[in-house]
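Please look over the model shown here and work through the questions that follow.

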Amino acid sequence: MFPTTLLNIWHQLENWDRAAFIKLNSEWTNPFFDSLMPFLRTPEYWAPLYLFLLIFLTINFGKTGLWWSLFFLCTFAITDMVSSQLIKESVQRLRPCNDPAMLDHVRLLLKHCGSGYSFTSSHACNHFGLATFFFISFRKVLPKWAWVGFAWAFIVIYAQVYVGIHYPLDVIGGAAVGALIGIITGNFFNRHFALHSLSTSQ
């Protein structure tokens, strides 16, 4: 009885997930987003932002900035490994653009769908892990701006669904896993190092 109930719940979630995907990918669209979204989820366009952040922290926070940069990179590495090598390989969910049941419903805005699995979205895991780490480590230094990373992460994961390579549950699951990892790395960093204001940094 219990396994049957779980199976029914999963089927309901999957039906909702596919319906939401069709809305986001094929119905709630416009030409501007069609041009913009493929760029937003491409590493070549957002990687320089993170590189600038690492350089800025190193220059303005000295040794603590170096530790922050190391934790930032470790957060990225852990989220990527957990999503790509652990969860995706265990779940093995097909991407919507590779799913035979969805071929007539997918509007693919990229040249290639990708050969990897879909759940969880590594982009979502990476960006929400970094956004959470940034928020926890910066909330006392930049209380009015520490949340900005979440806005950026949301835009990136929305693009993943919009261009047709992930279901909504893929990015929701990835965001949740990434946030959990970011909480762990962020709190660990704060306990042992912690950032202070620019004027008191060494």
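Q: Where is Gln92 found?
A: In this predicted model, phi of Gln92 is near 55 degrees, a positive value in a residue other than glycine. Helix H3 covers residues 43-91, and helix H4 covers residues 122-138. Gln92 is accordingly placed in the loop between H3 and H4.

Q: Which residue does a cis peptide bond join to Phe119?
A: The bond in question has an omega of about 0 degrees.

Q: What is the pattern of the protein, read along the sequence?
A: The secondary structure consists of 6 helices and 0 strands. Written in order along the sequence, this gives the pattern α-α-α-α-α-α.

Q: What percentage of the contacts with a separation of 6 or more is accounted for by residues 24 or more positions apart?
A: The C-alpha trace spans about 60 × 45 × 30 Å along its principal axes, and of the 202 residues 44% count as buried. Among the contacts with a separation of 6 or more, the share that comes from residues 24 or more positions apart is 82%.

Q: At roughly what angle do the axes of H4 and H6 cross?
A: Two packed helices are described by the angle between their axes and the distance between the axes. For H4 and H6 the axes come within 6 Å, and the crossing is right-handed. The residues of this contact divide into 11 nonpolar, 10 polar and no charged. The angle at which the two axes cross is roughly 35 degrees.

Q: Which residues does Thr185 touch, not counting residues up to four places away in sequence?
A: Thr185 is found in helix H6, and because its relative accessibility is 9%, Thr185 counts as buried. Once residues up to four places away in sequence are set aside, the residues that Thr185 touches are Phe71, Thr75, Ile78 and Phe133.

Q: With which residues is Ser69 in contact, leaving aside its neighbours within four places in sequence?
A: Ser69 has its place in helix H3, and at 8% relative accessibility this residue counts as buried. Leaving aside the neighbours within four places in sequence, the contacts of Ser69 are Leu54, Leu57 and Thr58.

Q: Which residues does Met37 touch, not counting residues up to four places away in sequence?
A: Beyond residues up to four places away in sequence, Met37 touches Tyr158, Ala159, Tyr162 and Val163.

Q: Why does the pair of Trp67 and Phe193 count as stacked?
A: The pair belongs to a cluster linked by ring pairs, whose members include Tyr50, Phe61, Trp67, Phe133, Phe188 and Phe193. The centres of the two rings are 4.5 Å apart, and planes under 30 degrees apart count as stacked. The pair is therefore stacked because its planes lie at 20 degrees.

Q: How many residues apart in sequence are the parts that the pair of Trp67 and Phe193 ties together?
A: Trp67 is partly exposed, with a relative accessible area of 34%, and Phe193 is also partly exposed, with a relative accessible area of 28%. Trp67 lies in helix H3 and Phe193 in the segment after helix H6, so the parts that the pair ties together are separated in sequence by 126 residues.

Q: Is Ala194 buried or exposed?
A: Ala194 has its place in the segment after H6, and its phi is near 70 degrees, a positive value in a residue other than glycine. Because its relative accessibility is 17%, Ala194 counts as buried.

Technical notes. Residues numbered from 1 in each chain as written. Predicted model: local features only at pLDDT ≥ 70, side-chain atom pairs only at ≥ 80, totals over all residues. Heavy atoms only, no water. Phe/Tyr/Trp six-rings, centres within 6.5 Å; stacked < 30°, edge-to-face > 60°. Helix = DSSP H or I, 4+ residues; strand = E, 2+ residues; numbered from the N terminus. Buried < 20%, exposed > 50% of the residue type's maximum accessible area, 1.4 Å probe, protein only. Axes fitted to C-alpha atoms, helices over the stretch in contact; angles between N-to-C directions. Left-handed = near helix turned anticlockwise from the far one by under 90°. Nonpolar A, V, L, I, M, F, W, Y, C, P; charged D, E, K, R; others polar. Contact = heavy atoms within 4.5 Å.
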